[in-house]
Amino acid sequence: MAVAGVVSGKVIYEQEGVYIHSSSGKSNDQDSLISGILRVLEKDAEVIVDWRPLDDALDSSSILYAGKDSSSVVEWTQAPKERVHRGPEHVNSYEAEWDMVNTVSFKKKPHTNGDTPSQRNGKSKWSFLFSLTDLKSIKQNKEGMGWSYLVFCLKDDVVLPALHFHQGDSKLLIESLEKYVVLCEAPQDKRILLVNCPNKSLSQSFENLLDEPAYGLIQKIKKDPYTATMVGFSKVTNYIFDSLRGSDPSTHQRPPSEMADFLSDAIPGLKINQQEEPGFEVITRIDLGERPVVQRREPVSLEEWTKNIDSEGRILNVDNMKQMIFRGGLSHALRKQVWKFLLGYFPWDSTKEERTQLQKQKTDEYFRMKLQWKSVSEEQEKRNSRLRDYRSLIEKDVNRTDRTNKFYEGQDNPGLILLHDILMTYCMYDFDLGYVQGMSDLLSPLLYVMENEVDAFWCFASYMDQMHQNFEEQMQGMKTQLIQLSTLLRLLDSGFCSYLESQDSGYLYFCFRWLLIRFKREFSFLDILRLWEVMWTELPCKNFHLLLCCAILESEKQQIMEKHYGFNEILKHINELSMKIDVEDVLCKAEAISLQMVKCKELPQAVCEILGLQDSEVTTPDSDTGEDEHVGLTACSTPAFQSNSLPVLAASGARDDSSTQISLSPDVSRLTPA
C-alpha cells in the first residue's frame with residue numbers, strides 16, 4: 001500500500017460519494033465524514049485501486065459530521081443535476097448496471113478547524129492506493145445496516161479504512177474487481193470475500209452460480225456461458241490461471257494448450273472431437289476462383305415498398321423485395337411493418353384484413369399468457385422454483401439492457417418495464433425453455449422498432465424459433481455452428497486455420513458471443529437493426545451469419561498472424577473488436593464469399609450442406625474450345641441482384657453518398673404496460 005499520489009491509467013471504475021468515517025471528531029459519538037473518489041485503473045499490466053479525497057488539500061469545509069448512526073442523522077438533499085462520474089469503460093459498457101440511486105449532497109454541519117485531520121506533505125493521510133495483487137480479502141457490511149461499505153485487507157495484514165458508499169452500493173465495484181480476480185465467500189463468514197480461492201468445485205449448480213456469481217470464469221462458463229462471455233472473453237485466461245494456481249508457485253505458469261483444454265471442457269457439450277463429430281471432412285487446398293466485387297444499394301424506401309402492395313394489401317414480387325432488402329436493408333420508417341413479414345409473424349401472401357384479424361387473435365392469446373404469471377401470488381411463486389428463477393434472471397438481464405439508446409434510458413422507462421413483461425410472458429409460452437440469459441439482447445431491438453408490446457412479443461417468439469438451439473441446456477446448436485464455422489474458414493484460408501490451431505484456438509471459441517446472440521454486442525444499436533433485417537431475408541444462402549464471421553476473421557487475419565498473437569492475445573483482440581466493425585463492409589465481404597463459393601466447381605460436400613447448396617447442372621464456357629459444356633457441380637440458385645439506378649456501396653465499405661439519416665420516433669407514450 002502507498003499514500004496516493006497522482007495515478008494515470010485506463011479507468012475501469014470510478015465512483016464519487018465514497019466516504020471514510022474517520023472518527024476524528026472531538027466527541028466519541030461523532031464521525032468525521034471525508035468525501036472521496038474511488039477508482040480502479042489499469043496501468044502497465046497492473047490493476048490499481050485508488051481512493052483519495054475529492055479535495056486533496058482537504059480544508060475543513062470538506063469534512064462533514066454525523067452521529068454514529070449517521071444514516072438517521074445526516075440530512076440528504078436531492079441533487080438531480082449532478083451525476084456520478086464513472087470511467088468511459090462504464091459509460092459505453094453494455095454491462096453497466098441500472099443507476100438506481102440519485103446523486104445526493106449533504107447539508108454541512110458547523111465545526112471548528114481543530115477537527116480537521118492532519119496533513120502529510122500536502123496530501124490527506126487518508127489517501128491510499130494498492131495493487132490488486134496485494135489484496136487478500138474484502139469485508140462487506142451486513143444487509144440492511146445503513147450505507148453499504150467495504151473494508152480491504154491486504155496480504156501483509158494491513159487493514160484499510162472502511163469505505164462507505166453514500167451514493168449507491170458497492171456491487172459495481174465488486175463486479176469490476178471480479179474481471180481480474182476470483183472472489184468467494186469465506187466459510188466462516190459470508191460477509192468476507194477471499195481473493196483467488198482455488199478449491200471451489202467446478203460442478204457448482206446453475207442456481208447457486210446465479211446467486212453467487214463470483215466463483216471464477218471456468219465455473220461461470222460451465223453453467224452460465226452467456227454471462228461469462230458477455231462480461232469479456234478477453235479475461236478468460238486470467239480467471240483460469242487464478243482459479244487453478246492458488247498459492248503454489250509451481251503452478252503459476254500454465255501452458256496455453258492446457259488453458260485451451262480447460263476452456264473447451266468448461267462449456268458443456270462444446271468440446272469438439274473431429275473423429276466423432278459428423279460434418280468434419282478432410283479438405284485439401286481448393287482453388288475457389290476470383291472473389292467478385294460486391295456492391296450494396298440504398299435502403300428500401302417507403303415508395304418502393306408501397307409499389308409492391310396490391311389493393312387488398314398483399315405483398316407482390318416477394319422474392320424481388322427480399323433481394324432488395326438483402327442488398328440495402330430498410331429505411332427506418334418501414335421496419336415496424338416489414339419486420340413482421342421477415343420474421344414470419346405476418347404471412348407474405350396475407351391481405352390487410354387477414355393481418356388485422358391475426359393481430360386481434362394474437363393480442364388475446366398474448367394477454368391470456370401474461371395474465372397467467374401476473375396472477376401468481378408471492379406465496380405461489382415461493383413454491384414454484386422455476387418461475388422464481390426465471391423472474392430473477394430476467395430482472396438481472398433487463399438491468400443490463402443497452403441504455404445508450406434513449407428508448408431504454410432511465411430507471412422507470414416504460415421500455416424496460418415492457419422488456420420484463422414480455423420475457424416473463426415468453427416463459428408461459430415456452431415453459432420448457434423458459435428464460436435463458438441472453439434472450440433480452442434479442443428482444444430489445446424488436447421492442448424498440450415495434451413500439452408495441454404484443455407485436456414485439458410475437459416477433460420475438462418467431463425469432464426464438466430460429467435461435468432456440470442456442471439456448472438449450474446441452475448447447476448442441478452452438479456446438480454445431482462452431483464446427484460449421486471451422487469448416488468454412490478452413491476452406492477459405494487453411495493457412496490461417498493452421499495458425500489458429502497452433503495457438504490452441506482452432507475451434508474458434510472466441511466467436512461464441514457472436515453466434516450466441518447474432519452479433520448483438522459487436523455492432524452499434526442501429527447497425528444491428530440493419531444486420532438482422534439482412535440476415536432475416538435468408539439470402540443469399542443458408543447460414544449466412546457464418547460467412548459474416550468468416551468475413552470479420554479474414555479482416556483480422558493479418559494483424560493476428562503478423563503480431564504472432566497467442567491464445568490470450570487472440571481472445572483479447574477479438575473481444576475488443578466490439579463496436580469497431582463496419583457493418584456495410586462486413587456484409588459486402590460476406591456476400592462476396594458466398595458468390596465465390598457458389599461458382600466453385602469442387603466445393604466439398606460438407607460445405608454444400610452448411611450453405612444449403614444443391615447439385616445442379618450449370619452451363620460454363622469451355623476455356624479451350626469456346627463452346628459451352630454442361631458440368632455437374634454444386635451451385636446455389638442465388639438470383640442476380642440488380643441495382644444499377646441507385647447509389648451503391650462497394651466491397652471497400654465506402655458509400656458514394658452521404659449516409660442516410662434515420663428519424664427516430666419520439667412517441668414512447670404508447671408504451672404503457674398492460
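Residues are numbered from 1 along each chain as its sequence is written. In this predicted model, local features need pLDDT of at least 70 and side-chain atom pairs count only at pLDDT 80 or more, while totals for chains, interfaces and linings use all residues, and side-chain values use heavy atoms, with hydrogens and water left out.

**Whole chain.** Start with everything selected. The protein chain has 24 helices and 18 strands (DSSP runs numbered from the N terminus: H or I of at least four residues for helices, E of at least two for strands). Of its 674 residues, 53% are buried, meaning under 20% relative accessible area with a 1.4 Å probe, protein chains only.

**Strand β3.** Next, select residues 46-53. Here 7 of the 8 residues are buried, so β3 is largely enclosed by the rest of the structure. Zoom in on aspartate 50, and you will find leucine 129 of β9 opposite.

**Helices α17 and α18.** Finally, show residues 476-492 (α17) and 494-502 (α18), which pack at about 125° with axes 5 Å apart. Axes are lines fitted to C-alpha atoms over the stretch in contact, with angles from 0 to 180 degrees between N-to-C directions. To see the contact (heavy atoms within 4.5 Å), display Ser486, Leu489, Arg490 and Leu492 of α17 against Ser494, Phe496, Cys497, Ser498, Leu500 and Glu501 of α18.

Notes: Buried < 20%, exposed > 50% of the residue type's maximum accessible area, 1.4 Å probe, protein only. Pairing = 2+ DSSP bridges.
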